[in-house]
Structure formats: C-alpha cells, structure tokens
Amino acid sequence: MRQTTYEAIKAMIVTGQLAPGRRLIELELVEQLQVTRTPVREALNRLERDGLVIERPRTGFAVVHFNETMLRNVFDIRAVLDEHATRLAITRITDDEVEVLRGLVAECKRLASNDPSPRGRLKELQTGLEIHRSIAQFSGNPMLADMLNGLLEKCQIYVWMELTQFNDWQQARDEHHAIVEAIAARDVEMACREARQHINQSRDGILKMMNLQRDFRDLYKQKSDDAGL
C-alpha cells in the first residue's frame, strides 16, 4: 500500500496532473486514491526526500516549482555522475548484466508498440530511466548509484515534459540502444560519449521547451496589457 500510494502520487506529479506549486491536501489524496492517511503522509515525506515536493510552514506540502536553474544544476551533475558510472560499469560488467540492459531497451520498444496510452508512456519513461539506474548499479559503487538515483527522480518530470511535448520517444530509444551496445562492446570512449550526448541533448530539448513556454506567457501577457485586461 505504501509503495503503490507513493508511485501514484509521483506519477501525478511527473505527468503534470499535480502542477508545480499545487498544494497537496492529504484528505483529497486519501479520497482520490482510496487509502488511509498513513500511506499518503509517508508518500509525501518520501517525495520530499526525492525533491519532488516541498513542505511549507502551516500549509503542508506542495509540488516543487521546476525552473531553469534547477534543470541546469540537476543535468550538469547527472552528466558527470552518469559518465563516471558508465566508465566503472564497463570495467566489471558481466555478459548477464549486459543482457539485463538489452532487455530494458527491448522493453521500451515493446511498450512503444503495444501500449501508446499515457500509462504505457509513463512506464516507458520509467524503464528508460531504469537503464541508467542499472548502469550505475553495475558500476559496483553503491554510493554513486544512490546519488544518481536521487538525481533521476528529480529528472523525471523534465524528461516527461520533453518527450511528450516534442515526441522524442524514438530518439531516446535509439540513444539508449547506442549506449548499451557500446557498453556491450566494452568501448569506454564510445559509451561515455553516447551517454554524455544523450543527457546534453535531453537538457537542451527541455530548455528549448521551457523557453517556448516562457515566450508564449510573455506574448499573452503583452497582449493582455495592450488590451487593458
């Protein structure tokens, strides 16, 4: 029950059903999810640790505002850690672990073919991030894996925004395939280059989208001001 409640609230945040800045009222979540208050409260505390919600004095929890500064900070650190994890993983990865990564790549392709619904898209997003989590796990450095996992939690909402707004799902699949096959070939430089390019392109795509949204808001505000609204 605790895990299901946590995943449900996180999915609503990632997909924008709970918008940035939205106040999270426990009783509303209890009624919506048909659970008791305890798993909801535990989920909100866990989501705060993930960096997806923030606790405000006297008003409870609210969804975090995901701005450009946060985006740049998260992706800059992720690029460094992801590349380091990839280097370490290649030095010790087994053939069985390579097949685990290939299985995740294949699962993304299967989901794209069989379940184009929002639920299927969310599952594909999570499976794609699981590729990066697994590479970090195979690095043999648990602390590195924990740090990268925390960053990936914060990245989810940005990646969802990029994939759904620009429909970059196929590009993400191709990039994951290239990373995994470079790891399978034990080609350190190729794998690190592919991983770095994948993260940087994702960051740049999200920045482009955020800038477009800001331009539309500014245009709407200007038109409203000109009309005296």
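The questions and answers below go through the terms one by one.

Visitor: What should I know before I ask?

Guide: This is a predicted model, in which local features need pLDDT of at least 70 and side-chain atom pairs count only at pLDDT 80 or more, while totals for chains, interfaces and linings use all residues. Residues are numbered from 1 along each chain as its sequence is written, and side-chain values use heavy atoms, with hydrogens and water left out.

Visitor: Why are β2 and β3 called paired strands?

Guide: Strands are DSSP runs of E with at least two residues, helices are runs of H or I with at least four, and both are numbered from the N terminus. Two strands pair if DSSP finds at least two bridges between them. Between β2 (residues 53–56) and β3 (residues 60–63) there are 4 bridges, so the two strands count as paired. They run antiparallel.

Visitor: What lies between β2 and β3?

Guide: The two strands form a hairpin with 3 residues between them. In the turn, Arg-58 has a positive phi of about 70 degrees.

Visitor: What makes β1 and β2 edge strands?

Guide: The open sheet has 3 strands in the order β1-β3-β2, with antiparallel pairing. β1 (23–24) and β2 each pair on one side only, and they are the edge strands.

Visitor: How do you know that Glu-124 is buried?

Guide: Buried means under 20% relative accessible area, exposed means over 50%, and partly exposed is in between, with a 1.4 Å probe and protein chains only. Glu-124 has a relative accessible area of 5%, so it is buried. Its place is in helix α6 (residues 118–138).

Visitor: What does Glu-124 touch?

Guide: Contact means heavy atoms within 4.5 Å. Not counting residues up to four places away in sequence, Glu-124 touches Cys-108, Leu-111, Ala-112, Trp-169 and Arg-173. Glu-124 and Arg-173 are 49 residues apart in sequence, and their C-alpha atoms are 9.6 Å apart in space.

Visitor: Why is Asp-50 called buried?

Guide: The relative accessible area of Asp-50 is 13%, so it falls in the buried class. Asp-50 is found in helix α3. Leaving aside neighbours within four places in sequence, Asp-50 is in contact with Tyr-6, Gly-150, Glu-153 and Lys-154.

Visitor: What makes Arg-2 and Glu-42 a salt bridge?

Guide: A salt bridge is a side-chain nitrogen of Lys or Arg within 4 Å of a carboxyl oxygen of Asp or Glu. The N to O distance for Arg-2 and Glu-42 is 3.5 Å, so the pair meets the rule. Arg-2 lies in helix α1 (residues 2–14) and Glu-42 in helix α3 (residues 37–50), so the pair ties together parts that are 40 residues apart in sequence. At 57% relative accessibility, Arg-2 counts as exposed, whereas Glu-42, at 34%, counts as partly exposed.

Visitor: How many salt bridges does the rule give?

Guide: The count comes to 21 salt bridges. Among them is Glu-99 with Arg-102, at 2.8 Å from N to O. Both residues lie in helix α5 (residues 95–114), 3 residues apart, about one turn of the helix. Asp-204 and Arg-203 also meet in a salt bridge, at 3.0 Å. Asp-204 is partly exposed at 40%, and Arg-203 counts as buried at 18%. Salt bridges that share partners join Glu-7, Lys-10, Glu-130, Arg-133 and Glu-153 into one network.

Visitor: What is the nearest side chain of opposite charge to Glu-175?

Guide: Lys and Arg count as positive and Asp and Glu as negative, while His and the chain ends are not counted. For Glu-175 that side chain is Arg-78, 8.6 Å away. Glu-175 is buried yet has no salt bridge. Glu-175 lies in helix α8 (residues 169–184), and beyond its neighbours within four places in sequence it is in contact with His-198 and Gln-201.

Visitor: Why is Arg-121 said to sit over the ring of Trp-169?

Guide: A charge sits over a ring if NZ of Lys or CZ of Arg is within 6 Å of the ring centre and within 35 degrees of the ring normal. The charged end of Arg-121 is 4.8 Å from the centre of the Trp-169 ring and sits over it. Arg-46 lies over the face of Tyr-6, at 3.6 Å from the ring centre.
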